[in-house]
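Colleague: Walk me through this model. I want to know how to read each feature before I rely on it.

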Amino acid sequence: MVDWTEKYRPTTLSEVRGNDSARDDLKQWAETWDDHREAVVVHGSPGVGKTSAAHALANDMGWDAIELNASDTRTKDVIERVAGEAAKSGTLGGGTGGRKLVIMDEADNIHGNADRGGARAVTRLVKEATQPMVLIANEYYDMSNALRNACQEIEFRDVGKRSIVPVLRDVCRREGVEYEDAALSALAQKNAGDLRSAINDLQALAEEREVLTEDDIVTGDRDTTEGIFDFLDDVIKEKGAQESLYAAYDVDETPDDLLNWVEDNVPKDYGRAELADAYGFLANADKWLGRVRATQDYSYWRYATDNVAAGVAAARREPKGGWTRYGPPSYWSKLGRTKGTRNTRDYVARKIAEKSGCSMASARREVMPFLAAMTHHCKPRELTVAMAAAYDLEAEHVAFVTGSGKDTNKVADIVADAEASKAEAAVEHSGGAFAGQTDVDADVEAKEDTAETDETGDEADVFVDEQETDTKSDDAEDDDMQSGLDEFF
Ligand SMILES: Nc1ncnc2c1ncn2[C@@H]1O[C@H](COP(=O)(O)OP(=O)(O)OP(=O)(O)O)[C@@H](O)[C@H]1O
């Protein structure tokens, strides 16, 4: 089954709807690029056609397009290679043909991977680029001043209902879907501004019925909650794409969790081609969740849910009967069965990632096991206090890392000492709570040796980085990010 948003992605700028003047500006920018040689930032909400417009532009100009992700550390190498190749083949400065349009996604999220030097590196690249570059961003003002100043700017506005309806009508016509006008209008209304999600909804609805009526479009809030097992029955066995999607909204689980549940259980009922299709949708969902993690932009969640629920249901080729013993994902048994445990783990990983400049995944896989070994049962105490201070850990986090009970006085005392040492460090402006704590006793060193961290120097790096990079504004940023995240925990 083909994803309609991909199938109907505009291939030329004239097919990009609802943002006529932005579209014209983009064309103008490209046509005059030789004169100004500046990059352009195209910004706006998700699903309004920014990326599509950039690709369509390349197509219209006869340029190759290369898409990169700004938060990916390999980006710099790739750009250099592309620029280098183009220079070598003598296409630079030549006609417009042979150019490469560099499309850099998530330009507002360069420090999202805790890569503090990233924004500067990208700004430099943008300034030095020998090829036209389009930077894509949701939040223009999340980009650094320097980066914004180095670029022209074009805003894509939310796609109005009046522009969404004709796109839906066109898709219906090409797919042979019959519809009531009011149904398309309700769909456009419901997905206010977001064309991608309107097309996704249309596809889910059309899977199940010959004619789309206004009544099919549920616009009201749903207030029932559904259990995860009923949801699995819906998606895997019983319901079509649209009903499964609505069922997903009713389950009190995050899309990450839904993905894990479906991924582990769908092979119990699906076979061969339908399983392959289902995995295709799950892989797509995972891509969207990756974007959520990278950007903290939770509006991408709905695309993940579209894929997990509607996609997997639509992949089913024959009815599934009987009863299947669905179970929790094995992934959970390994990493903690309850939501609370996972949240705690992720909080600690995020703190480590933010403070030390690594990804959450490396924090979880490569740093946390060592911290756990080094501070097992809160021994040695000094090191445990220092860790709590360095990463702003509270009792439950300290208990989690050290494997101690969280209500013990021991943990509470450690957290209190950590708070005190943070306060002291703040007063002294000593550049990091861990500064005074690096001189740990022989016991610690012995433990570090056992954990084999000396060889890689990982642990040392974690703490040194904190002192070097932890400026006031970074702290403020971290706080913002955390308070935003708290809502979702
Ligand atoms: N303005 C538009 N005109 C036509 N189709 C659009 C438009 N906006 C979105 N679409 C449809 O939605 C899909 C997603 O659009 P696109 O990836 O360009 O959005 P985006 O603004 O770059 O979003 P994101 O920031 O989430 O990447 C396209 O493949 C296309 O099917």
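The dialogue below goes from the whole chain to single residues.

Colleague: What kind of model is this, and how are residues numbered?

Modeller: It is a predicted model: local features need pLDDT of at least 70, side-chain atom pairs count only at pLDDT 80 or more, and totals for chains, interfaces and linings use all residues. Residues are numbered from 1 along each chain as its sequence is written.

Colleague: What does the secondary structure come to?

Modeller: Helices (H or I, at least four residues) and strands (E, at least two) are DSSP runs, numbered from the N terminus. Here the protein has 24 helices and seven strands.

Colleague: How much of the protein is buried?

Modeller: Count C-beta atoms, which are placed from the backbone. A residue is buried if 20 or more other C-beta atoms lie within 10 Å of its own, exposed if 12 or fewer, and partly exposed in between. Of the 489 residues in the protein, 42% are buried.

Colleague: And how do I read contacts in the protein between residues at least 6 apart in sequence?

Modeller: Two residues are in contact if their C-beta atoms, placed from the backbone, lie within 7 Å. Of the contacts between residues at least 6 apart in sequence, 76% join residues at least 24 apart.

Colleague: Which residues does UniProt list for "binding site"?

Modeller: Read such a record with care. UniProt positions are given in the numbering used here, feature names are shortened, and annotations may be inferred rather than shown by experiment. The unreviewed entry lists Gly44, Ser45, Pro46, Gly47, Val48, Gly49, Lys50 and Thr51.

Colleague: Where does proline 46 lie, and what does it touch?

Modeller: Proline 46 sits in the loop between strand 1 (39-43) and helix 4 (50-61). It is buried, because 21 other C-beta atoms lie within 10 Å. Not counting residues up to four places away in sequence, proline 46 touches Asn138, Asp194, Asp297, Ser299 and Tyr300.

Colleague: Is valine 48 buried or exposed?

Modeller: Valine 48 has 27 C-beta neighbours inside 10 Å, so it counts as buried. It lies in the loop between strand 1 and helix 4. Leaving aside neighbours within four places in sequence, its contacts include Asn19, Phe156, Asp158 and Leu195.

Colleague: What surrounds the ligand?

Modeller: A residue is near a molecule if its C-beta atom, placed from the backbone, lies within 6 Å of it. The ligand is surrounded by 23 residues, and the closest are Arg9, Pro46, Gly49, Thr51 and Ser52. Helix 1 (4-7), helix 4 and helix 10 (195-206) are the elements that give two or more residues to this shell.

Colleague: Why does the ligand lie between two domains?

Modeller: Domain bounds come from an automatic or database domain assignment. Domain 1 (4-155) and domain 2 (161-216) both give residues to the shell around the ligand, so it lies between them.

Colleague: Why is strand 3 described as largely enclosed?

Modeller: Six of the six residues of strand 3 (residues 100-105) are buried, so the rest of the structure largely encloses it. Lys100, Val102 and Met104 point one way, while Leu101, Ile103 and Asp105 point the other way.

Colleague: In what sense does strand 3 pair with strand 2 and strand 4?

Modeller: Two strands pair if DSSP finds at least two bridges between them. Strand 2 (residues 64-69) pairs with strand 3 in the parallel sense over six bridges. Leucine 68 stands opposite methionine 104 there. Strand 3 also pairs in the parallel sense with strand 4 (residues 133-137), over three bridges. Valine 102 has methionine 133 of strand 4 as its bridge partner.

Colleague: How many residues of helix 20 are buried?

Modeller: Seven of the eight residues of helix 20 (residues 395-402) are buried, so it is largely enclosed by the rest of the structure. Among them are His397, Phe400 and Thr402. Glycine 403 follows helix 20, with a positive phi near 70°.
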